[in-house]
Amino acid sequence: MRAWIFFLLCLAGKTLAAPQEALPDETEVIEDPTTEEPVGANPVQVEVGEFEEPTEDVEEIVAENPCQNHHCKHGKVCEVDDNNSPMCVCQDPSSCPATAGVFEKVCGTDNKTYDSSCHFFATKCTLEGTKKGHKLHLDYIGPCKFIPACLDTELTEFPLRMRDWLKNVLITLYERDEDNNLLTEKQKLKAFPLHPISLLTRSPWPLPWQVKKIHENEKRLEAGDHTVELLARDFEKNYNMYIFPVHWQFGQLDQHPIDGYLSHTELAPLRAPLIPMEHCTTRFFEACDLDNDKYIALEEWASCFGIKER
C-alpha cells in the first residue's frame with residue numbers, strides 16, 4: 001500500500017506541478033543525433049556567427065537550424081536533408097545513452113527486456129509499417145518477469161483497492177501542498193470536475209466531492225491495509241468521497257488530446273509502473289474497454305470503478 005501511494009503521489013505531483021508532457025507514442029521531441037542526450041531532451045542550440053568590417057559595427061548573425069522547431073516522436077531524431085529541410089528519421093538504438101542500472105530497463109509487449117525506453121522506442125521506430133511494429137508497445141517499467149494470471153476474484157478486488165488509493169493520494173497531495181504547487185485553490189475547493197469532458201459531452205455525472213470536504217470528513221476511511229470487505233462497505237457508505245478522485249485521475253491521463261478517451265499511450269504513465277506490483281492491471285484495463293475499440297471512454301472508466309450515471 002505504501003509503495004502504491006508513493007508511486008501515485010509521484011505521478012500526480014509531477015502531473016500537477018508541471019505542464020502535461022506528451023506520452024512516448026504521441027509526443028514529439030527534438031533530438032540531435034550527434035549527442036548522447038536522452039530521448040526527450042532538446043540539445044539543439046542556435047549557432048551564432050559574428051563578423052567585423054572596418055567601417056561597420058559588430059553584427060551578430062544567427063544561423064537558423066531547421067531542426068530547432070521541428071519535433072520528432074520518441075524513437076526518432078531530426079536531420080537536415082540536401083534541401084536544408086528538417087526530417088525525422090529513426091534513431092539508432094546504439095546511440096542511446098548507456099544505462100545506469102536495472103531501474104532503467106523496460107519490458108515490451110514482445111516480452112523482451114530493453115536497456116531503456118530510448119532503446120525501446122528506437123527499436124520500435126525501425127519496425128514502423130510492419131505488423132510486429134504495430135503491435136509492439138511498452139508494457140511495463142523494469143525487466144520482463146513472470147506475471148501471474150489474474151483470477152476472477154482478484155479482478156473484482158482490484159478496483160476496490162485502486163479507488164481507495166486514488167482517494168488517499170489526493171488527500172495526501174492536499175495535506176502536503178503548503179506552497180499550493182500541486183493543487184490550485186480551484187482544485188481544492190471548487191465543486192466541479194478538474195476535467196471538462198463531462199461538461200463538453202453533457203454526460204450526467206454528479207459534481208465531484210470537494211477535496212477539502214473529503215479531507216475534513218470524519219467518516220473518511222484512513223489509509224491502511226484494509227480488507228476488501230471493509231473497502232466495499234466504505235464505498236457503499238461514503239460513495240460521494242470516491243467520485244472526484246476517479247474523475248481526477250482520468251483528467252490527468254486524458255491530455256493528448258483532451259477528448260474523453262484514453263488511448264494505450266495516454267494510459268501508459270499509470271499502467272506501466274503498476275503492472276510489476278499489481279498483476280491484474282492489464283486485465284482490469286482491458287475489461288474497462290467495454291466496446292473493444294482500443295480506447296477507454298470516460299463513461300467506461302467511471303463504470304470500471306463503480307461510479308454510476310445519474
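1. Tryptophan 301 is buried, at 0% relative accessibility (buried means under 20% relative accessible area, with a 1.4 Å probe and protein chains only). This is a predicted model: local features need pLDDT of at least 70, side-chain atom pairs count only at pLDDT 80 or more, and totals for chains, interfaces and linings use all residues. Residues are numbered from 1 along each chain as its sequence is written, and side-chain values use heavy atoms, leaving out hydrogens and water.

2. Tryptophan 301 pairs with phenylalanine 285. The rings are stacked, 6.1 Å centre to centre with 10° between the planes (pairing requires centres within 6.5 Å; stacked means planes under 30 degrees apart). Phenylalanine 285 is also buried, at 4%.

3. The pair joins distant parts of the chain, 16 residues apart. Phenylalanine 285 lies in helix α11 (residues 281-288), tryptophan 301 in helix α12 (residues 298-304) (helices are DSSP runs of H or I, at least four residues, numbered from the N terminus).

4. Ring pairs extend this into a cluster: Phe158, Phe250, Phe284, Phe285, Trp301 and Phe305.

5. The largest nonpolar core has 31 residues (buried Ala, Val, Leu, Ile, Met, Phe, Trp, Tyr and Cys joined through side-chain atoms within 4.5 Å). Met162, Phe284, Phe285, Trp301, Phe305 and Ile307 touch the most other members. Helices α4 (152-176), α9 (240-253), α10 (264-274), α11 and α12 each supply at least two residues. A second, separate core of eight residues includes Tyr114, Phe121, Leu136 and Leu138.

6. The charged end of arginine 163 sits over the ring of phenylalanine 235, 3.4 Å from its centre (the cut-offs are NZ of Lys or CZ of Arg within 6 Å of the ring centre and within 35 degrees of the ring normal).

Key: Rings of Phe, Tyr and Trp (its six-membered ring) pair if their centres lie within 6.5 Å; planes under 30 degrees apart count as stacked, over 60 as edge-to-face and the rest as tilted. Buried means under 20% relative accessible area, exposed over 50%, partly exposed in between (1.4 Å probe, protein chains only).
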